[in-house]
Amino acid sequence: MKVGRWKLLLPLALLTVGATVTASGALATPAQSGAVRVAIMTDCKGGFGFAYELDIGGAQAAFAQYAGGKVKNKNKPSAGMTGISAGGADVNIVGYGCGDDTAATAVKETRRLMEQLKADVMVGPLSGDEAVAVANYAKAHTKQTFIIGTAGSQDPTMQIAPKNMFRYHGDGAQWNAGIGEIAYKKLGWRNAAIIMDDYSFGWTSAAGMIADFCAVGGKITKRVFPPLNNADYASFVRQLPAPDKVDGYFWAIGGNTPGSLTAFEQAYGKADPKQFIGNLFFAFLGNDKVVAPKFVGAYLGGFGTGPGLKTKQAKRYEAALLSHYPKLPTADGFVYNYYNAAWALVQGLEKSGGAVGAALQKAMPRTLASGYEVSDDGKVKLDSRRQAIQDQYQLQLVKNKDGSVGPVVIAYVPNVDQSFGGLFKPSSPPPGRSQPACKKQKTPWQGKLKAVKNGVITKTTIK
Amino acid sequence: MSRGAWTPRAIVERSLGLAALVIALLGPAIFSSYFTTTILTSTFIFGIAAASLIFLSAYGGMISLSQTALMGIAGYVVGNLVTKGGAGGETKGLILGWDPTLALVFAIVITTAIGLILGLVASRSFGIYFLMLTLTFGVIANYFFGQVTKLGGFSPIASINLYMPGWIGDIVGHPDKLYYIALGVSLFVYVLIRYLVRTPFGISLQGQRDEPVRLASLGYTVPLHRALAFGFGAFVASLAGVLFVWWEGQISPQNLGLGATIDLLIIAVIGGLGRIEGAWLGAFAFIVINNYVRDIQFPFASEKGVLPWIGGSFNTVIGVVFLLIVLLSPGGLVGIWDRVWDAARRRGGPPHAQSEGAEPAAVASS
Amino acid sequence: MPRAAAAGLVVFATLFVLVIANPPSESGAGSWRTTNSGSAFDDPGAFMANLLDTVTLAGWLFIVASGFSLIFGLMRVVNMAHGVFYLLGGYIAYEVQQRLTAETPGFVPGELVNTWEWLIPMAVAMLCIGALGLVIEQGFLRWNQGQDLRQALITIAIAVIIADQVTAHFPRSGAFQTGGGNLATITWPGWMERRIDLHVAGVEYSLTRLAILALGVTVGVSLWLWLHRTRTGMVIRAGVDDRQMTSVLGINIGRTFAIAFFVGSALAAMGGTVGASQGGVASGQDGLWLLYSLVVVIVGGMGSLVGAAVGSLLVAFVLTFSASYLPSTGDPAGIECCTQYSITFTFVLIALVLAFRPQGLFGKAA
């Protein structure tokens with residue numbers, strides 16, 4: 001009865017393997033003393049799975065540039081690196097987190113990195129809901145330090161704001177600062193409808209658009225919230241006013257940008273780029289090939305980076321990055337933000353003499369000379385809740401000489417803080433369906449936007 | 001069947017169970033803290049959830065894929081009721097700030113009630129149709145919690161384990177407390193199920209599993225029986241759900257999603273759908289694989305095309321393991337045990353009724 | 001009693017949509033009667049548009065769900081891999097269209113796509129996925145006939161494996177390998193990208209969506225002709241009614257199963273091609289389309305073509321109308337209520353149908 005024997009042996013073999021593996025993992029493993037253990041938390045699956053190499057590459061490039069590390073493979077960041085040392089201590093990258101843009105997996109991965117692999121510091125996570133999960137974890141684990149990678153949610157540094165969590169870049173609302181003012185002043189919009197994904201990043205991104213537009217005097221006449229798992233956007237697009245009844249549309253859909261826009265065109269005919277303002281999902285994350293070609297001329301919110309900016313500091317950053325990983329896109333927010341997070345960590349370790357825990361948290365830098373920063377001598381400042389006040393760059397889709405369509409910086413918005421001049425507060429709820437309300441007020445950068453031409457910030461204010 | 005309580009096999013099984021219990025009681029002293037707080041505690045918790053699934057399948061003939069969703073519902077109720085808002089507090093969910101003990105009771109009651117309702121809707125469906133229906137309920141619950149943003153939305157409701165009932169105290173600083181609570185609840189559920197199947201209700205439940213038409217002709221209301229059993233399954237799942245949010249501290253729609261549902265099914269099948277003990281065995285096996293095989297990554301399709309057709313990650317591994325188990329040993333780990341025993345005793349004749357086949361007593365109609 | 005309540009609910013909902021609802025007022029004050037565009041009488045154009053959206057969405061749903069229903073009805077196999085067939089079909093069609101229209105990698109403007117450059121990708125996708133389904137059926141399911149649960153578990157395992165592999169390998173060509181999430185979109189033929197005047201209530205409607213409806217109707221009619229006018233179809237219908245009897249009569253039911261599985265899987269791929277054209281396919285959508293297929297079959301009844309059509313219409317109706325005709329009270333910006341509860345209505349639909357007929361509207365009595 002050969003089959004019968006197989007049926008018995010194979011599962012038994014699996015069991016034996018499993019038992020051995022368990023036994024080796026079950027007994028306590030002492031942590032290596034003296035070295036600083038760092039984990040890089042990113043996504044390898046889900047909507048942002050492609051950013052795996054981008055995030056790791058950005059962080060490791062900073063380690064290579066400022067902490068003496070040597071990358072193992074110039075074309076594959078996840079191959080790892082060696083020889084990192086800061087503040088007199090060796091720095092070991094103990095693991096790469098593999099999230100999938102959901103909070104549940106983020107918690108699992110965080111536990112694995114911080115408890116099983118015993119990391120002292122986490123660089124990451126990548127996305128908004130993951131950061132909310134990690135921020136709550138950080139609140140309960142004060143001895144470990146967390147430096148956010150690129151998350152766009154507001155809560156981690158506004159409402160939750162644990163003392164051991166740092167973010168050296170703007171949140172999703174900050175990325176869109178100024179775009180509402182551009183809509184009002186350059187496109188002449190007075191009223192607009194807004195459509196956004198019905199979850200935290202959609203609300204946060206939309207909040208930035210709404211806050212600025214209403215601050216200057218615009219009115220949001222309709223808000224539409226298609227849910228994330230949605231096959232057919234037709235019925236939601238029908239909730240929007242027709243193109244002849246409204247000046248423009250703010251489009252904060254990232255879950256399925258092409259699908260929503262296709263549904264719009266099927267309902268209302270060809271879209272006029274002058275009536276659309278998108279967020280970063282119009283031009284990044286692959287949509288530069290699918291969405292952007294249909295919207296040449298449309299303005300869109302940025303990603304906290306200034307593609308094509310010609311300042312000395314930007315060039316220095318780009319050269320440094322490319323010297324370690326020549327294929328990484330320099331103005332990609334994933335790369336840039338992880339680079340800055342790792343660089344900040346190195347500076348913190350230098351100041352704390354290689355110590356982690358509370359000493360490191362005290363020593364983490366409160367300013368950072370990020371590549372695309374221009375204000376205050378090119379220094380990003382952290383506010384009282386360890387959140388960056390960062391310059392933002394707003395974009396426009398243009399057709400390049402080779403026929404491709406890409407974003408180009410057209411406006412510079414100085415010193416955008418997370419509260420938008422007091423509109424968002426720790427005691428107020430985070431951006432949601434009805435947050436923020438449409439209020440006329442004065443943002444700190446109102447009237448201070450400067451036009452940018454060919455990568456150079458001009459002296460012309462945008463009126 | 002058995003010739004009394006003390007057959008050699010029963011003696012061996014009971015000794016093994018006792019040994020496992022002793023090891024479990026000494027757990028925090030023997031194993032590393034990561035192993036006890038992450039591997040073993042979650043084994044107990046998911047074992048409880050799997051036990052609810054296996055109870056329904058082994059004794060009720062109903063394969064329910066709603067157990068994960070019910071677990072999640074209990075967790076969401078606790079999360080929404082117990083967390084507090086305000087500065088430094090939670091930002092998602094209803095943030096009502098109720099007394100944790102009251103919230104705990106409420107969660108169990110509401111989940112059981114929802115289980116009863118779902119059971120009533122599904123009670124006249126049998127076999128594979130029932131499975132489809134419960135799967136649909138589960139996915140709907142997932143989308144519900146994602147879309148009804150007032151109850152949390154896609155962001156996690158967090159820090160739930162900072163609001164523990166007073167009689168439990170702080171479990172973040174003392175995770176061993178939760179370990180023993182989970183162990184205790186597991187024992188309670190195990191004993192409860194073993195007791196329940198011997199009661200008249202339990203026996204008539206097994207009767208409707210085998211011969212629903214005959215039972216109906218005897219005057220029993222079969223749909224009601226099934227609905228009540230489903231409600232009991234929901235009760236057990238709610239216990240698992242409450243423990244889960246205490247353990248994880250957070251809950252989000254992904255915890256009720258299709259992936260989580262299939263994971264629980266895989267746990268039950270790996271353990272063995274025919275016996276309750278399989279629940280914790282399967283949970284342990286799955287969590288161990290989940291944890292320690294995580295770092296195996298097959299080469300992705302690279303530019304040079306090295307091994308271009310084998311890519312993927314952990315999910316492929318668990319899928320293959322699951323497939324092998326379904327094809328080769330549908331009785332799961334418990335089935336292997338049964339086969340080992342039979343092979344060792346060289347028993348001929350018909351195999352033990354509970355050890356063969358992934359489907360306990362296929363129900364008559366479609 | 002529950003039936004009376006259900007009937008009353010349906011009547012109220014109809015009246016609400018047709019008459020009772022109010023459009024939002026300028027000042028912003030609203031009531032429970034305020035909906036996005038008012039009732040059918042207030043805005044017949046919007047009502048017509050919503051009706052057309054429903055019917056065209058139903059066409060899309062039908063294409064996918066009919067395949068699922070065919071496999072389920074004939075072989076009692078819950079093909080949990082149906083969702084990944086949809087997904088993989090969409091990706092294959094994307095790859096083929098990329099190679100046919102080599103102009104710009106990634107995005108192809110509509111003007112450059114002619115009808116063949118859409119039909120050929122669809123045909124290739126259908127053939128590939130049909131073949132994949134056939135391989136799975138012959139390799140894994142054929143020798144498990146009669147063990148419904150085991151077959152369902154096998155398809156679940158395969159779905160997990162394929163979903164993971166798809167994430168690792170697709171999309172292969174064009175833009176996304178360095179840039180995007182794994183969303184892949186196909187372009188409709190250029191002549192379809194316009195709207196036509198329907199001369200009813202001043203509505204201009206998208207030609208593309210009407211084409212989807214036409215495609216769905218074609219699929220339905222073809223399936224009906226196949227099932228009712230050919231020998232194979234006759235065998236399939238006999239097999240749906242009584243499998244054992246059919247094989248006892250000496251008919252090669254195994255070959256028919258293979259054909260049916262091929263066709264069912266191919267239909268999933270067709271649906272995937274439509275989906276990729278409408279907005280793209282991405283990982284995660286396999287779960288969504290499995291849910292839609294399940295709901296359509298539960299509501300419409302398994303194994304019935306008419307049931308799949310009616311089920312598709314009902315599900316599409318719930319999805320579309322709940323977005324537009326649920327109250328959006330309180331303010332013209334329509335913020336706080338109620339469209340986010342649309343998923344709940346899918347459940348309500350299921351509960352309503354099962355209250356009247358547990359086997360679905362057109363299913364065979366259990």
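## A tour of chains A, B and C

Select β16 (residues 388–399) and β17 in chain A: 9 bridges join these two strands, which run antiparallel. Two strands count as paired if DSSP finds at least two bridges between them. Helices (H or I, at least four residues) and strands (E, at least two) are DSSP runs, numbered from the N terminus.

This is a predicted model, in which local features need pLDDT of at least 70 and side-chain atom pairs count only at pLDDT 80 or more, while totals for chains, interfaces and linings use all residues. Residues are numbered from 1 along each chain as its sequence is written, chains are lettered from A and ligands numbered from 1 in the order in which they are written, and side-chain values use heavy atoms, with hydrogens and water left out.

**Stop 1: the strands of chain A**

Stay on β17(A), residues 405–416. Of its 12 residues, 9 are buried, so the strand is largely enclosed by the rest of the structure. Buried means under 20% relative accessible area, exposed means over 50%, and partly exposed lies in between (1.4 Å probe, protein chains only).

Now pick A:A411 in β17(A). A:Q394 stands opposite A:A411. A:A451 in β18(A) also stands opposite A:A411. Next, find the hairpin of β16(A) and β17(A), with 5 residues between the strands. There, A:G403 takes a positive phi near 95°.

Move on to β18(A), residues 450–453. It is joined to β17(A) by 2 bridges, and the two run antiparallel. β18(A) also pairs with β19(A), residues 456–461, in the antiparallel sense over 3 bridges. Select A:V452 and A:I457 to see bridge partners. The hairpin of β18(A) and β19(A) has 2 residues between its strands. In its turn, A:N454 has a positive phi of about 55°.

**Stop 2**

Select A:D43, found in strand β1 (residues 36–43) of chain A. Is A:D43 buried or exposed? A:D43 counts as buried, at 0% relative accessibility. A polar atom of its side chain lies 3.2 Å from the backbone nitrogen of A:D101. That is a polar contact: a pair of N or O atoms within 3.5 Å; within protein, one must be able to donate a hydrogen and the other to accept it, and residues adjacent in sequence count only if both atoms are side-chain atoms. Leaving aside neighbours within four places in sequence, A:D43 is in contact (heavy atoms within 4.5 Å) with residues including A:F48, A:Y52, A:L126 and A:E130.

Jump to A:N164, in the loop between β7 (145–147) and β8 (165–166) of chain A. A:N164 is buried too, with a relative accessible area of 2%. A polar atom of its side chain lies 2.9 Å from the backbone oxygen of A:H141. Not counting residues up to four places away in sequence, A:N164 touches A:A138, A:F146 and A:Q361, among others.

**Stop 3: salt bridges**

A salt bridge is a side-chain nitrogen of Lys or Arg within 4 Å of a carboxyl oxygen of Asp or Glu. The count over all chains is 18.

Which residue meets the side chain of A:D232 in a salt bridge? Select C:R209, at 3.0 Å, N to O. A:D232 lies in the loop between β10 (219–224) and α8 (234–237) of chain A and C:R209 in helix α6 (residues 207–229) of chain C, so the pair joins two chains. A:D232 is buried at 9% relative accessible area, and C:R209 is buried at 4%.

In chain B, show B:D338 and B:R275, whose side chains meet in a salt bridge at 3.6 Å, N to O. B:D338 is in helix α14 (residues 332–345) and B:R275 in the loop between α11 (258–271) and α12 (277–292), so the pair ties together parts 63 residues apart in sequence. Both B:D338 and B:R275 are buried.

**Stop 4: chain C against chain B**

Colour chain C by secondary structure: it has 12 helices and 2 strands. Of its 366 residues, 60% count as buried.

Now show the contacts: 50 residues of chain C are in contact with 46 residues of chain B. The area buried between them is about 4300 Å², with 75% from carbon and sulfur atoms. Buried area is the accessible area (1.4 Å probe) that two parts lose on being put together, summed over both.

Finish on α5(C), which supplies the largest share of the side of chain C that touches chain B, 15 residues.
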